[in-house]
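Trainee: Could you take me through one part of this model closely? I would like to look at the pocket and the helices around it.

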Amino acid sequence: MAATRKAAMGRPREFDVDEALERALLVFWEQGYEGASLTDLTAAMGINRPSMYAAFGSKEDLFRKVLERYTAGPAAYGMRALEEPTAEAVATAFLHGAVDTTTGPGHPSGCLGVQGCLASGPGDRAVRDLLTDWREDARSRLVKRFEQARDEGDLPPTSDPAVLARFLMAVGNGIAVQAAGGADHDELRMVADAALRNWPPA
């Protein structure tokens, strides 16, 4: 019996973990955290519930892993934007990246991090907090980048980095919601460019 148990424990998983995570990401992205049932997730991932629990933990654990994958993949435009040489280029890359990601082919419209937990029950507080922290981290990084730009003379000395960061986050999040509602790439690119014409906002 012990030998059988040991052999079972050492048996390799019969599914590709990366592929399963990618499929779970698409389900959460399209349906949100609460809307994505375990049946939806396991069906998309091609595994049963015991295999999901063994590989990824609870539904919340799985969502955390999916959010990490989303941050390093589709949402990586935010980190790349911070590397642009000027504040205006940062703003442009950030908003254009938001449009491209929320309207791109091959995946759901909108943003996993914005819509992932807009509708949720009391038991989903931890996931709501996770996404709030995720968005706040993005805003904080923008604040620091714009503080640097102001200190270097790239922004007027009267600029408020916190307001500029909040402005970009508000426009970017609005783009995500509009994309989920059916607005297409060209429409939202015009919205982004209209916002950028007022850069930096007074």
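Mentor: Start with the term. On a 1 Å grid over the protein atoms alone, a pocket is an open set of points with protein on both sides within 12 Å along at least five of seven lines, and its lining residues have an atom within 4 Å of a point. The model is predicted: local features need pLDDT of at least 70, side-chain atom pairs count only at pLDDT 80 or more, and totals for chains, interfaces and linings use all residues. Residues are numbered from 1 along each chain as its sequence is written, and side-chain values use heavy atoms, leaving out hydrogens and water.

Now the largest pocket. Its lining has 22 residues, with A75, G78, F94, W134 and A138 nearest the centre. The space in the largest pocket is about 370 Å³, a volume being the space filled by probe spheres set on the grid points. Two or more lining residues come from each of α6 (77-81), α7 (87-103), α9 and α10. Helices here are DSSP runs (H or I, at least four residues), numbered from the N terminus. Helix α9 gives the largest share of the lining, 6 residues.

Next, follow α9 to its partner. Helix α9 (residues 125-151) packs on α10 (residues 161-180) at about 135°, with axes 8 Å apart. Axes are lines fitted to C-alpha atoms over the stretch in contact, and angles run from 0 to 180 degrees between N-to-C directions. In contact (heavy atoms within 4.5 Å), α9 residues including A138, L142 and F146 meet α10 residues including L164, L168 and M169.

Key. On a 1 Å grid over the protein atoms alone, a cavity is a set of points where a 1.4 Å probe fits but cannot get out, and a pocket is an open set with protein on both sides within 12 Å along at least five of seven lines; lining residues have an atom within 4 Å of a point.
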